[in-house]
Amino acid sequence: MKIKNNEVAIYAIGGLHEIGKNMYCVQYQDEIIIMDCGIKFPEDELLGINYVISDYSYLVKNRDKIKALVVSHGHEDHIGGIPFLLKEIPEIPVYATPFALALIRGKLEEHGLSKTTELHEEHESTVLEFDKLSVSFFRTTHSIPDTLGIAVHTPLGAVVFTGDFKFDLTPVMNQPAPDFQKMAKIGHDGVLALLSDSTNAEVSAFTKSEQFVADSLHNIITGIKGRIIFATFASNLYRVSTAIQAAIDTGRKVAIFGRSMENGVQNGIDLGYLDIPKDLIVDADEINRLDPDKAMILCTGSQGEPLAALSRIASGTHRQITLQPNDTVIFSSNPIPGNTLSVNHLINQLMEGGATVIHGRVNNVHTSGHGGQEELKMMIRLAKPKYMVPVHGEYRMQVIHTELAQKAGVPKENTFVLENGEVLCLGPDGSRIAGKIPAGDVYVDTSGTADVGNVVVHDRQVLSEEGLVVAVATVDFKNKRVLAGPDILSRGFVYMRESTELISAAQKHVYHILKYQLNKKNRPKDSEIRKAIIDSLSDFLYSKTERRPLILPMIVEKK
């Protein structure tokens, strides 16, 4: 991959053909600006994986060129990967809005990086100046406070990254409306390329305002009898603020459960976004003693996370809160991709426990933070980009977004549906794809270990679906004899007491493999013997059962 000296290169380390893992870069000569660094939540088949991050190897190799990591907003799919990036390249200065910065600080403390990271607060008026590039910002709206679009100014024009956005003209919590004038000014001055949020490219209408949901939630809450359990994202201070205001208006006390929710509320208070009377928040003991009509529980777990507060309440394993038959549970969020089954299971659990559950857009308790087609076209009209690159979305969303761009005046040949790692070079003579850089998935498991690896995940999938067969034997290589075994052990493959014929046949099969290997003229390597057993026994068991368990040979050598 070769970037010419007069070209601006644009590439995604994550965020294309997927929802999550957002990480986009602009490179010009010896300067790189990184925009966001997120995680993706795993699909169900990624057993034991907590989340997925990006492959940062290209950035590690070019670490001397990185000038800054600038953050559009504080959602996990835009900031969750920052600690893992900084573990590899600790010298990167990070710029973020106040609320995002508070969330990032918490993550860095958890990872022991708070003392080694250079953090800076950014605002819509911030301008970062480097030798060849500069960065400015413009105000947008989303489902979290302090959201900004990012403009990286290059000698060929600005590369504009919208971040997650919608055009909410009546935002809540005293948040300002989008700054259309500044967007138009950037467009007037010249936008080389627009990298725009594609999440709702399939939605034809304008996205409903957060104020609409706030009014709807307030009306729902004021009409509820009994205890209320309100679940939402900890970072969605808009919903938290709405729930708290409704509690104040209806004379309810509020108990907060879930560490991330506690941290989110505290950050909101510290930054002046939440104004909460001192006597409103109570602990678990007091909330349990209150009349249910005067109690509200604010908690995490709206995505069905098994260890979150709501899941433990539903399963009866929460130490302090027990589900009551007259409880009303409000899910003020939609399932993110990969979580639908978990959320549905949780809703069923809550209803089986006697609770009333309110969820989904049909009840007007949630609205998207992403703009629909009309907002996407408006962003394109404001930016007037020469080139258009849809980001943050699955493949079909990116394709539809390019079609919207073409309707809004961008020539078809100037719209690009890129893949992660694909390098788009834009120069005075036009555009070209200049190759690919590493941008695969890196798995982080429950221990916090990064790069668990595809092989490990594959083995976990095989174990869960096909089971395990262990073949154990003791051999004498000198005299070319099998001294003991082979013994066959099955776990999750077949029930051994009911499969004696199969087990006996498998033992004989492994015995003949071992004898063949031992009788070779030159002593085979241990790895060769293990591979021969795995390949042959796997085929044998498949011929008998049409299943391929994970084979684990254990060869003990007589000394």
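Figure 1. Strand β14 (residues 253-257) pairs with β15 in the parallel sense over five bridges, where two strands are taken to pair if DSSP finds at least two bridges between them, and where strands (E, at least two residues) and helices (H or I, at least four) are DSSP runs numbered from the N terminus. Within this pairing, A255 has I297 of β15 as its bridge partner. Strand β13 (residues 228-231) also pairs with β15 in the parallel sense, over four bridges, and here the bridge partner of A231 in β15 is C299. Strand β15 (residues 295-299) is mostly covered, with five of its five residues buried; buried means under 20% relative accessible area, exposed over 50% and partly exposed in between, for a 1.4 Å probe and protein chains only. A295, I297 and C299 point one way from the strand, whereas M296 and L298 point the other way. The model is predicted, so local features need pLDDT of at least 70 and side-chain atom pairs count only at pLDDT 80 or more, while totals for chains, interfaces and linings use all residues. Residues are numbered from 1 along each chain as its sequence is written, and side-chain values use heavy atoms, with hydrogens and water left out.

**Figure 2. Lining of the second largest pocket.** This pocket has a volume of about 200 Å³, the volume being the space filled by probe spheres set on grid points that are joined across faces, edges and corners. Of the 13 residues that line the pocket, M173, S241, T242, I244 and Q245 are the closest to its centre. A pocket is an open set of points on a 1 Å grid over the protein atoms alone, where a 1.4 Å probe fits, with protein on both sides within 12 Å along at least five of seven lines, and lining residues have an atom within 4 Å of a point. Helices α6 (210-222) and α7 (237-249) each supply at least two residues of the lining, and the largest share, five residues, comes from α7.

Figure 3. The model has six aromatic pairs, counted where rings of Phe, Tyr and Trp (its six-membered ring) have centres within 6.5 Å, with planes under 30 degrees apart classed as stacked, over 60 as edge-to-face and the rest as tilted. One of them is the tilted pair of Y24 and F161, at 5.1 Å centre to centre and with 50° between the planes. Because Y24 lies in strand β2 (residues 23-28) and F161 in strand β11 (residues 157-161), this pair ties together parts that are 137 residues apart in sequence. Both Y24 and F161 are buried. The ring centres of F99 and Y273 are 6.4 Å apart and their planes stand at 85°, so this pair is edge-to-face. F99 belongs to helix α4 (residues 98-110) and Y273 to the loop between α8 (259-270) and α9 (284-289), so the pair ties together parts that are 174 residues apart in sequence. F99 and Y273 are buried as well.

**Figure 4. The hairpin of β22 and β23.** Strand β22 (residues 468-476) and strand β23 (residues 481-491) pair in the antiparallel sense over eight bridges, and V475 has V482 of β23 as its bridge partner. The two strands form a hairpin with four residues between them, and K480 in the turn has a positive phi of about 55°.
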